[in-house]
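Please consult the sequence and coordinates while reading.

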Amino acid sequence: MANHILLVEPAYYSKFPPIGLLKLSTYHKSKGDRTEYIDFKNQDQRKPKKTPKKIYITSLFTWTWKPVWDAVAYYKNEFPKAEIWLGGVYASLMPEHAKMSRADHIFKGIFTDAENLMPDYDLVPDWDGSIVFSSRGCCNNCDFCAVPRLEGKMSSLRKSIKPFVLDRHSKIIFFDNNFLANKYRMNIFKELIDFDKKIDFNQGIDARFITEPVAKKIASLKLDSTIRLAYDSHGQQKFVKQAVERLLDVGIKKRDIFVYTLFNYTETPDEFFNRVRDILNWGVVCYPMRYESLFTIGKNSYISPLWSNHTIELVQHARRVIGYGGAFPAYEGLVNKFNNASGFEEAFELYAEKSGESK
Ligand code: SF4
C-alpha cells in the first residue's frame, strides 16, 4: 500500500527550494509512495491532504533551530503516530541539540540512496532553476567551514550534468562547494555552453583554480549572478589577485566580481583592512563576511579575541552607510579613503563620524 510522505521545510528564510527533500520525494515515489511538500511559512497550508506515515523535516543554519523545533512540535502534536525524521545542516552539525526537538530520528549527512536522483521539481512548479551538485565535499579544509564535516573530502560525482537539468528551467544553479576542483569541470563547461541556459555558481569558485582556460570558459557562459571569490586570509592574496586579473582579462566586468572577505576570525582588524584595501584597488567588489561559529544557536553572538563589539560594529556600520547591499564597491572615493587611511580604525571610524552616529 502506498504511504503518504510529508516533506516539510520549516519557517525560515531560504532563497532556494529544499533540494534534499525534493530528492527524497523522487526516492519515495520510486517505491510507490505519495509525497506532499509543505512550506511551513504558509500558515494556512500546514495541514497535509492526507494523514502521513512519515514526515521528513529539513534544517539549515544552526541558528535557525527554533523554526525547526516549531515544525517538529506541530507535526508531533497533529500526527503522534507518524515517524518524524529531522535532517539537514543543523541536524547534522548539532545532533544532540536537534534530538531535544523530540523528532523520532536525527539524520546526519547526505542520504546517499537519493544522491543520484533527479529532484522532484513537480513539488515546486513555480521554481525556475535546476539545482546541481556535480561534486560533493571540498579539497580544502578551512576550519571555519561546515563542508568538510558535512560532506568530507572532494568527490567528483559526475562527468555529465545532463540528467539533472530540466528542459523547462531557464537556469542551472551549481551547489558544488568547489566546482572547479571537480576533475570533470572542462567537460561540464562544454555542456553548459551547449545548454545555453543562465548559470549560477552559487557557492563561489576557488581562486586557485582559475587558470586562463578556465577564465575563458567562465566568460563564455551566460552568467546569471556575480562571480564569487573568497579572500579570507592574507596568505591567499597572490591567488585571488591573479584570479581577478584573469577574469578581467577575459572581459568579466569589475562590478560582477565579488570577493567575500572574512572578518572576526583569526586575522586582526588591521589585517582585514589590508585585504579590503587590496580588493578595492583591484577594482572589484568587497563583501565582508562576519565569522560565525559552526555550532552557534544564536546568530552574531561570537566575538573573536582579536575583535570587539566596537570593531565589529564599525564594519557593519560602514556596510550600511557607505556600502551597497552590504558590499563595498570600488568607487573612487572609497578607494581613496582606504588608500589614505593609516589602518582599520581610521578607515572605518571616519564613516561613523561622517554620518553623525556615535560608536
Ligand atoms: S574552500 Fe570553501 S567549501 Fe572548501 S573548505 Fe574552504 S570554505 Fe569550505
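## Domain organisation

The model is predicted. The domain assignment divides the protein chain into domain 1 (4-113), domain 2 (128-225) and domain 3 (228-359). Taken over C-alpha atoms, the centres of domain 2 and domain 3 are 26 Å apart.

## Interface of domain 2 and domain 3

Contact between these two domains involves 21 residues of domain 2 and 15 residues of domain 3. The area buried between domain 2 and domain 3 amounts to about 1,500 Å², and carbon and sulfur atoms give 68% of that area. On the domain 2 side, Phe 144, Ala 207 and Ile 210 account for 37% of the area buried against domain 3, more than any other three residues.

Polar interactions also cross this interface: 6 residue pairs are in polar contact, with both partners at pLDDT 80 or more. Strand E10 (198-201) and helix H7 (212-219) each contribute at least two residues to the side of domain 2 that touches domain 3. Helix H7 gives the largest share of that side, with 5 residues. By class, the side of domain 2 that touches domain 3 comprises 11 nonpolar, 4 polar and 6 charged residues.

## Salt bridges

Side chains of opposite charge can pair when their charged atoms come close. The whole structure contains 17 salt bridges, and 1 salt bridge is found across the interface of domain 2 and domain 3. Arg 228 and Asp 200 form a salt bridge through their side chains, at 3.2 Å from N to O.

A further salt bridge joins Lys 99 to Glu 96, with 3.2 Å between the closest N and O atoms. Lys 99 and Glu 96 both lie in helix H4 (residues 95-99), and because they are 3 residues apart there, about one helical turn separates them.

Notes: Residues numbered from 1 in each chain as written. Predicted model: local features only at pLDDT ≥ 70, side-chain atom pairs only at ≥ 80, totals over all residues. Heavy atoms only, no water. Domains from an automatic or database assignment. Contact = heavy atoms within 4.5 Å. Buried area = accessible area lost by both parts, 1.4 Å probe. Salt bridge = Lys/Arg side-chain N within 4 Å of Asp/Glu carboxyl O. Polar contact = N/O pair within 3.5 Å; in protein donor to acceptor, adjacent residues only side chain to side chain. Helix = DSSP H or I, 4+ residues; strand = E, 2+ residues; numbered from the N terminus. Nonpolar A, V, L, I, M, F, W, Y, C, P; charged D, E, K, R; others polar.
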